[in-house]
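This report describes one structure for a reader who has not seen it before.

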Amino acid sequence: MANIHVQCEMCCEEEAVGCCNICGNICESCCVIHKKGRAFQNHILKMYGKDGYNSRSIIYDITEEKCKHHPNERALLFCQIHELMICGRCFRSDHISCCHEVVDLCEEAGHVDYDQFNAMSAALNAIKDDSKRIKEEIDRHKERSNTHAVKCKKELDDLENRLKRKVEHSISSFKEEAQKYHDENIAAFSFISSVCEDKVSWAIKEESQLNEFVNNSLTGRLYLMSRNFDKGISEVKRQMKEAEYKNTFKNVCLKENTAALKCLIEDLTDVCELQEEVDGSDEVTTLSIGNATVENEKTRKELFEELIQAKLDTNKAETGQPH
């Protein structure tokens, strides 16, 4: 270490041989004044050690620190209770009760504790090694996570395409079924309209004959017509009623079935599972979100039918009926 010549901070003429907690570095003449002068009786004076400038160099880095509460004073004391560097004024005013826990830095920090240095260096190196290890593990986790993310996205895209095809197929089937019912309804409408038009023509024809027989006083023909009139009317009404009620009209309507949509969404979760990596290893713990098993691969309709059958079997068992 290079020698550092510290000048006296009182007379600014001679080289410092000691240190005052109030005045700072002082020379030999000023030390004598400190020891004899009544004004300096509360000052703490420490002489530099016999090991020369090395001790001064060590002390110098501390003696230049200024007190935070008294900027004109040097902080040469350290309160171990409050973890603060303090000056003599702070000691007398605020830290008297900490007396036994206040140390003189010029005395305590007068040499290098290499055992402490080695322990602190080892601790710092351990921090660096652990940080490097954790960083490497995180990089591996990040790489695996990126790989899983790409794979998951591809699988979800494939699932989306399959679902789209399935939905499109189902909707197409629904449209075809709706069109079939519509065509059947149109055919029924045409048939009923045809029957009605035919009966209207029959009624017009019968009415024309009725008027002719009355206007021409054809009583004989009117008599014969009346004999079968009620029977003819009844048959026409029967045919019209049969045409009206024999045909049923069907329509396909989209209903807002929130329960079905909820079941669909819940079933979709069966295609995914959450995998949790164990810290510090490459092991993977699978937390099932809906990992489909053989038992739950059955459709909801099949499970519902099995439930109904189970209830029937239970009822038969309770009533004593044979299966």
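## Helix α6

Helix α6 covers residues 219–246, which is 28 residues. At 1.5 Å a residue the helix should span 40 Å, and its end C-alpha atoms lie 39 Å apart, so the two values agree. The model is a predicted one.

At Asn-228, α6 bends by about 40 degrees. Its buried residues are Met-225, Gly-232, Val-236 and Ala-243. These buried residues of α6 pack against α5 (114–215).

## The sheet

An open sheet is formed by 3 strands in the order β2-β1-β3, with antiparallel pairing. The edges are held by β2 (24–26) and β3 (45–47); each has a single partner strand, so one side of each has no neighbour in the sheet. From one strand to the next, the twist averages 30 degrees.

Strand β1 (residues 18–20) runs antiparallel to β3 and is joined to it by 3 bridges. Opposite Leu-45 in β3 stands Cys-20.

## Cysteines

How many disulfides does the structure hold? There are 0. Cys-12 is in no disulfide, and the nearest cysteine sulfur, that of Cys-11, is 6.6 Å away. Cys-12 has a relative accessible area of 48% and is therefore partly exposed.

For Cys-67, the closest cysteine sulfur is in Cys-90, at 3.4 Å. A disulfide needs the two sulfur atoms within 2.5 Å, so the sulfur of Cys-67 is too far from that of Cys-90 for a bond. Cys-67 counts as buried, because its relative accessibility is 3% and buried means under 20%.

Technical notes:
Residues numbered from 1 in each chain as written. Predicted model: local features only at pLDDT ≥ 70, side-chain atom pairs only at ≥ 80, totals over all residues. Heavy atoms only, no water. Buried < 20%, exposed > 50% of the residue type's maximum accessible area, 1.4 Å probe, protein only. Helix = DSSP H or I, 4+ residues; strand = E, 2+ residues; numbered from the N terminus. Expected span 1.5 Å × (residues − 1). Bend = angle between axes of the 7 residues up to and from the residue. Contact = heavy atoms within 4.5 Å. Pairing = 2+ DSSP bridges. Axes fitted to C-alpha atoms, helices over the stretch in contact; angles between N-to-C directions.
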